Structure formats: structure tokens, C-alpha cells
Amino acid sequence: PTIISEPYFDAQTPRNVTGLVGKSSYLSCRVRNLGNKTVSWIRHRDIHILTVGSYTYTSDQRFQATHHKENDEWTLQIKWAQKRDGGVYECQISTQPVRSYFVNLNIVVPTATIL
Amino acid sequence: STEALTFQPEFAEPIVNISVAIGRDATFTCHVRHLGGYRVGWVKADTKAIQAIHDHVITHNPRVSVSHLDVNTWNLHIKSVSEDDRGGYMCQINTDPMKSQVRVMKSLFTDNLMITVKKRKKEWKKVIFGIGYLDVVIPPDFIPEDTSSDVIVPEGSSVKLTCRARGYPEPVVTWRREDGNEIILKDSMGTKTHVASFRGEILKLTKIARNEMGSYLCIASNSVPPSVSKRISLNIHFHPVI
């Protein structure tokens with residue numbers, strides 16, 4: 001018998017990510033049993049669609065999604081991250097209704113502490 | 001070309017809000033100008049569910065499809081709407097920065113905002129376009145377990161006739177007498193009021209007289225056709241009169 005199982009998120013995926021100003025930030029999203037569904041990244045600040053699968057919708061060239069088949073991971077890379085890139089990002093599976101995983105990105109200025 | 005450099009895409013008209021009865025089809029149209037190589041995307045605002053990008057449907061909702069009439073006219077179709085479909089639908093263009101302003105979108109439907117935005121014409125194009133609201137309305141339907149059947153009561157007693165209906169928006173129930181006679185309402189002091197109709201789910205008749213016998217109609221309506229009505233017979237038995 002064929003068992004149709006719905007996609008789900010790997011609960012181990014970090015929900016809080018800290019990135020550095022001027023560097024690349026990486027948000028990962030691990031999805032099991034994706035099947036024929038699509039993984040998209042959306043920025044909550046303005047409900048802007050960033051990527052759909054490996055396709056980049058946003059015209060902001062700093063965004064790119066990469067699929068790592070070996071661990072079912074869909075990584076959103078934000079190049080040259082700025083303070084204003086901080087906020088909530090949503091990894092969304094195109095099920096009906098959609099399944100969402102929220103990742104909070106915090107962008108900090110690197111500081112050096114002299115002990 | 002120079003034209004592509006001069007003209008950035010923009011919204012040409014606001015997305016029209018629509019109100020559709022459950023089970024019917026709905027279409028939103030996003031009117032754009034100078035789209036060029038940019039793409040139109042549709043997102044359901046509350047769930048942020050991506051519906052479609054350009055010609056591609058992303059959602060696995062089989063009732064959703066897209067079409068375009070020409071390069072300026074982009075449609076999102078929702079077949080046989082259900083209550084879950086209610087909400088805002090956002091049309092976005094992948095310009096940098098993206099066209100559509102969420103900050104304003106949240107209060108888009110308040111009159112105040114409409115006025116503020118209209119006053120500042122320059123802002124109009126930037127903020128007001130890009131979202132259309134789908135309201136799914138449901139015609140009234142009686143809830144059988146909360147609706148009275150025919151009754152037989154002795155003269156002088158009291159009776160409560162109930163008609164409850166569901167629907168969206170909330171239906172209003174109106175009572176009338178089938179023979180066109182007036183309904184007699186009595187308060188605790190015994191003061192009588194004769195009315196042609198009574199509005200409310202419960203019609204309370206007290207110290208019933210034999211002339212109040214007959215068929216009562218309750219009509220549930222909410223501006224979504226069809227209205228529904230139910231006939232309830234009120235039978236009064238009284239001692240024989242010689």
C-alpha cells in the first residue's frame with residue numbers, strides 16, 4: 001500500500017539566527033517528505049516573497065536559496081547583511097493549508113572586546 | 001531600451017474588493033503598467049500563503065488558478081469559494097524595493113486611512129494598491145434544533161416561538177402572521193402592543209387569546225439571497241363556549 005505522508009519541518013532547525021553586518025547570513029529550513037511541494041522563503045516585514053524553491057523572486061540580488069539534498073535543507077543566504085535585514089523570515093511549504101516555520105534573524109555589528 | 005530604464009512597474013488601478021456567496025467563483029485582477037521583465041506574485045495576506053507567481057500556481061489548493069489577459073492585466077481565480085478563502089489577497093511586483101506596503105495594508109479598510117491617502121495624492125500609488133479583500137457570504141439557513149415546530153397551547157398560557165438561523169453576515173429574524181393580522185405583544189404590566197412584524201429570534205406570546213391562533217412566519221435574511229422562512233402553527237384550545 002502507498003502511504004502518502006505530508007511534509008513536515010525538522011524541529012531541530014534553529015529559530016534564532018544571529019548574523020554580522022556586512023557578512024552573509026544563512027537561514028536554514030529542513031523539510032522532510034517534501035514530495036511535489038515547494039519550499040519558499042518570505043520576509044514578514046512586508047510579506048515579500050523572496051524565493052520559491054531554487055527560483056529567486058526578489059530583485060534584491062543579495063538573496064539566494066540553495067537546496068542541500070543530502071540533509072533536505074533549503075538555505076536562504078542573505079549577502080552583505082544590513083541591520084534592516086533583521087526580523088522574521090518564514091519558510092513555507094506549499095501544502096493546503098500552508099505549513100510555516102518562522103526564523104528570527106538578528107543582525108549585529110561585530111565588536112572586539114579587549115580583556 | 002531607454003523605456004525600460006525610464007518606466008518602473010506600477011499599479012494602474014486598485015484591486016477591487018469582492019463579496020461572493022459560498023460555493024461561487026471569485027476573481028481578483030491586478031492592473032499593472034510597465035511590468036517589463038518583472039513578475040506579478042499573489043499572496044494571501046493573513047496566512048502569507050503564496051498563491052502564484054506569474055503563470056505558475058504555487059499553492060496546492062486545487063481551486064486556485066491564474067490567467068492574464070495581456071501584459072497589464074493579471075488575474076487570480078478562486079473556484080467555489082469556502083470560508084477559509086475569506087481575507088486579503090496581495091498582488092506584488094518583484095521590483096526593488098518591492099511595490100506594496102504592508103504597514104499601511106493592515107488598516108487599509110478603515111475610512112480614516114482612505115481619506116488620508118486620498119488627500120496625499122503622491123502616496124496613493126505607493127500604498128493603496130496591491131490588496132483586494134474577499135468576503136465570503138453565506139445565505140441564511142435555519143438551525144433545526146433551535147427552531148420551533150407547531151404548538152398547541154391552552155388559552156391564557158404563554159409560549160415562546162424560536163427561529164434561529166446561521167449565515168454570514170449574521171441573519172436577522174423577522175416574525176409576521178401569515179393571515180396579515182397584527183402580532184400582539186404584551187409586557188409584564190399587561191400593556192398590549194399591536195405590530196405588523198417583530199424582529200428577534202424569540203417571539204414571546206403571553207396570556208394568549210384565541211384570536212392569536214394561526215400561522216406565524218419567521219423569515220431569516222442577511223442580504224444574501226435567498227432569504228428563508230418557516231411557518232409555525234399556533235393552535236389554541238379553549239373551553240367550549242355556549
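**Salt bridges and nonpolar cores**

Modeller: In this predicted model, Arg86(B) forms a salt bridge with Glu83(B), and their closest N and O atoms are 3.3 Å apart. Are the two partners buried or exposed? Arg86(B) has a relative accessible area of 15% and is therefore buried, the limit being under 20%. Glu83(B), at 41%, is partly exposed, because this class lies between 20% and 50%.

Chain A also supplies charged pairs. Salt bridges with shared partners join Asp10(A), Arg30(A), Arg32(A), Asp72(A) and Glu73(A) into one network. One of the links is the salt bridge between Arg30(A) and Asp10(A), with 3.6 Å between the closest N and O atoms. Arg30(A) belongs to strand E3 (residues 25-32) of chain A, whereas Asp10(A) sits in the loop between strand E1 (8-9) and strand E2 (16-20), so this pair ties together parts that are 20 residues apart in sequence. Both Arg30(A) and Asp10(A) are buried.

A further pair in chain A is Arg62(A) with Asp85(A), a salt bridge whose closest N and O atoms are 2.8 Å apart. This pair links distant parts of the chain, 23 residues apart: Arg62(A) is in the loop between strand E6 (55-56) and strand E7 (63-68), and Asp85(A) is in the loop between strand E8 (73-78) and strand E9 (87-93). Arg62(A) and Asp85(A) are both buried. Over all chains, a search of the whole structure finds 18 salt bridges.

The nonpolar packing can be taken up next. The largest nonpolar core has 23 residues, of which Phe28(B), Cys30(B), Val32(B), Trp42(B) and Leu134(B) touch the most other members. Several strands of chain B each supply at least two residues of this core, among them strand E2 (18-21), strand E4 (40-44), strand E9 (87-93) and strand E10 (131-142). The greatest contribution comes from E3(B), which gives 4 residues.

A second, separate core contains 22 residues, including Phe9(A), Leu34(A), Ile78(A) and Ala81(A).

Methods
Residues are numbered from 1 along each chain as its sequence is written. Chains are lettered from A and ligands numbered from 1 in the order in which they are written. This is a predicted model: local features need pLDDT of at least 70, side-chain atom pairs count only at pLDDT 80 or more; totals for chains, interfaces and linings use all residues. Side-chain values use heavy atoms; hydrogens and water are left out. A salt bridge is a side-chain nitrogen of Lys or Arg within 4 Å of a carboxyl oxygen of Asp or Glu. Buried means under 20% relative accessible area, exposed over 50%, partly exposed in between (1.4 Å probe, protein chains only). A nonpolar core is a set of buried Ala, Val, Leu, Ile, Met, Phe, Trp, Tyr and Cys residues joined through side-chain atoms within 4.5 Å.
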